[in-house]
Amino acid sequence: MKITYSKMEQLISGIQGIQNEKMSFRLSMIFAKNLANLKKEEEFYFEQERKFAQDYLVFNDDGTLATTGQNMFKVKEGKEKECAEARKAIDTFEVDVDLRKVPVADIEGLEFTPAQLTDLMDLIEEE
């Protein structure tokens with residue numbers, strides 16, 4: 001399944017939100033494998049974010065990111081346009097992750113909040 005990094009983070013959050021719930025072995029395996037595959041991609045994403053910050057953002061002496069008056073990160077002088085393009089590339093980049101969908105029938109017995117369902121919607125296969 002091709003997804004953006006922001007969608008990946010949403011799916012990770014959704015799975016982590018239900019990972020302590022009791023469910024069938026089959027369902028647990030599907031969610032556990034999906035989470036493991038997403039976490040692998042997340043590591044690569046975090047590395048890209050670190051490179052982005054090092055290349056385009058200003059750091060304070062204590063190693064924290066410098067901010068502007070609007071609580072936005074301060075961009076290195078002369079790198080504003082490059083920074084915007086790099087940020088857009090990271091935000092729209094898609095990764096191909098091996099994810100298994102869960103049939104609605106397999107999760108009907110579980111209780112979900114609307115927020116949990118929203119986070120997991122891309123993993124639910126409607127029949």
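Which residue's side chain meets that of Arg26 in a salt bridge? Asp106 does, with N and O 2.0 Å apart. Keep in mind that this is a predicted model.

**Arg26 and Asp106**
- This pair links distant parts of the chain: Arg26 sits in helix α2 and Asp106 in helix α4 (residues 104-107), 80 residues apart.
- Arg26 counts as partly exposed because its relative accessibility is 44%.
- Asp106 is also partly exposed, at 32%.

**Lys39 and Glu42**
- Here the side chains meet in a salt bridge at 3.1 Å, N to O.
- Lys39 and Glu42 are three residues apart in helix α2, so about one helical turn separates them.
- Lys39 comes out partly exposed at 30% relative accessibility, whereas Glu42 is buried, with a relative accessible area of 8%.

- Arg87 forms a salt bridge with Glu49, and their closest N and O atoms are 2.6 Å apart.
- Since Arg87 is in helix α3 and Glu49 in helix α2, the pair ties together parts 38 residues apart in sequence.
- Arg87 is partly exposed at 24% relative accessible area, and Glu49 is partly exposed at 21%.
- Asp91 joins in too: Glu49, Arg87 and Asp91 are linked in a network of salt bridges.

Definitions and conventions: Residues numbered from 1 in each chain as written. Predicted model: local features only at pLDDT ≥ 70, side-chain atom pairs only at ≥ 80, totals over all residues. Heavy atoms only, no water. Salt bridge = Lys/Arg side-chain N within 4 Å of Asp/Glu carboxyl O. Helix = DSSP H or I, 4+ residues; strand = E, 2+ residues; numbered from the N terminus. Buried < 20%, exposed > 50% of the residue type's maximum accessible area, 1.4 Å probe, protein only.
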